[in-house]
Amino acid sequence: MSADSVTARALAAALHVDGDGGLDTGASLLAADPGSDGELALRVDEFVRRAWERGWQPADVVRLVRRDLDEHHVLLVAAAIVRQTGTYKVLPPRWVGQLDALPREVYAADRFSYATAVLELLRLLARLPALEPVGPVPGAPLTAAPVHGEPRMLSRIRALLAKAEATNYPEEAEALTAKAQELMARHSVDEALLAARTHHPDAPAAVRIGVDAPYETTKAILLDAVASANHCRAVWNEGLGFSTVVGFEPDLEVVELLYTSLLVQGTAAMTRAEAGARKGGRKRTKTFRQSFLMAYASRIGDRLAAAAREATPDDADLLPVLASRDVAVSGRTEQMFPHTTSTRVRGVSDLAGWQDGTAAAEGARIGGGAGGAGKGRGSLPPTS
């Protein structure tokens, strides 16, 4: 791209001048010159490629664009991601699922509106900060051959949790979720013992999980509870709307599954509690929902920890293996995030919300009947 091309002048106006004036100037230049379309598309693809070099993955980029811009910007960045990643012969395993989840609609608009949207997207992409990598970038050699499909155990866990989310009968949801947790624990133990016996050079990995508004604080606490119970550690990046979960690959997979399921179940329980309150003539507010979800996350954390202890066999061969893996996960987390902070959660202000949230957590049985009395979680997970 020459320095005096229409695209170069449009980008200079839009990216280096704050405010709408620069955007309008750049969009006007692009709209008046159809010949700049190809060059502009190449520039968008280049900005996307730079995001990979800064540690971002497709789901991370889409999540941030959806949060900070509009849905038509999501369509634009999704199309650019598909184009850019299509230039690689092999992609990191986690990227395949992320690409499959991208929207495929085409954003149609007049030339000025289209150019404005593209420039707004480029403004955001140009300012992406560098992130700690959680996997290889596309084009880098893979350390292991990609695995097609997923283990049968994970398929069974996924199916059980889907049924638990769909049923309207609490007792059935309890039984399904308890069975899923039992399979999760068995899966984790089997994988740990297999790695130890075969002397497989296994090492902790990491994955980013979106923690979206509203009530992102309580969602981060819930994810931290799920991660801790499954031999992982979570570090929340509040500013960018995600937590990075560090652990061994089999544990990371079940953390994603269980967190998503418990979030769905908790939200559904909160909706039912609000409906019941309205029938009783009581008005429910944001403070009710915040208190409900905080209590739900706190009680689930206690129960998950108790269930994890009960599900771990008291085996002389197993305990050193798990201890070694815990040390490895802690070391990897500290290496990735040497400067984390923990903060206390502010007090809950709606007693009814807290009581209903605690009751909902009691109903979401997660492990063979373990109630798990103990102190509620009152602090946030580490933040980067």
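A cavity is a set of points on a 1 Å grid over the protein atoms alone where a 1.4 Å probe fits but cannot get out, and its lining residues have an atom within 4 Å of a point. The model is predicted, so local features need pLDDT of at least 70 and side-chain atom pairs count only at pLDDT 80 or more, whereas totals for chains, interfaces and linings use all residues. Residues are numbered from 1 along each chain as its sequence is written, and side-chain values use heavy atoms, with hydrogens and water left out.

**View 1. Lining of the largest cavity.** Gln181, Ala185, Ser188, Val189, Ala229, Asn230, His231, Ala308, Ala311 and Thr312 line the largest cavity. About 90 Å³ of space lies in this cavity, a volume being the space filled by probe spheres set on grid points joined across faces, edges and corners. Helix H9 (170–197) and helix H12 (286–311) each supply at least two lining residues, and the largest share, four residues, is from H9. Helices (H or I, at least four residues) and strands (E, at least two) are DSSP runs, numbered from the N terminus. The lining has five nonpolar, five polar and no charged residues; Ala, Val, Leu, Ile, Met, Phe, Trp, Tyr, Cys and Pro count as nonpolar, Asp, Glu, Lys and Arg as charged, and the others, Gly among them, as polar.

**View 2. Lining of the second largest cavity.** This cavity has a volume of about 60 Å³. Its lining consists of Thr218, Lys219, Leu222, Leu263, Gly266, Thr267, Leu293, Tyr296 and Ala297. Helix H10 (216–229), helix H11 (249–279) and H12 each give at least two of the lining residues.

**View 3. Hairpin of strands E2 and E3.** E2 and strand E3 (residues 242–247) pair in the antiparallel sense over five bridges; pairing requires at least two DSSP bridges between two strands. Four residues lie between the strands of this hairpin, and Gly241 in the turn has a positive phi of about 75°. Asn237 has Phe242 in E3 as its bridge partner. Four of the five residues of strand E2 (residues 233–237) are buried, so E2 is largely enclosed by the rest of the structure. Buried means under 20% relative accessible area, exposed over 50%, and partly exposed in between (1.4 Å probe, protein chains only).

View 4. Met153, Leu154, Ile157, Leu160, Leu161 and Ala164 are the buried residues of H8. Seen down the helix axis, they fall within an arc of 125°, so they line one face of H8; the arc is that of the directions from the axis to the C-beta atoms. Exposed residues Arg152, Lys163 and Ala166 are on the face turned away from the buried side.

How values were computed: On a 1 Å grid over the protein atoms alone, a cavity is a set of points where a 1.4 Å probe fits but cannot get out, and a pocket is an open set with protein on both sides within 12 Å along at least five of seven lines; lining residues have an atom within 4 Å of a point.
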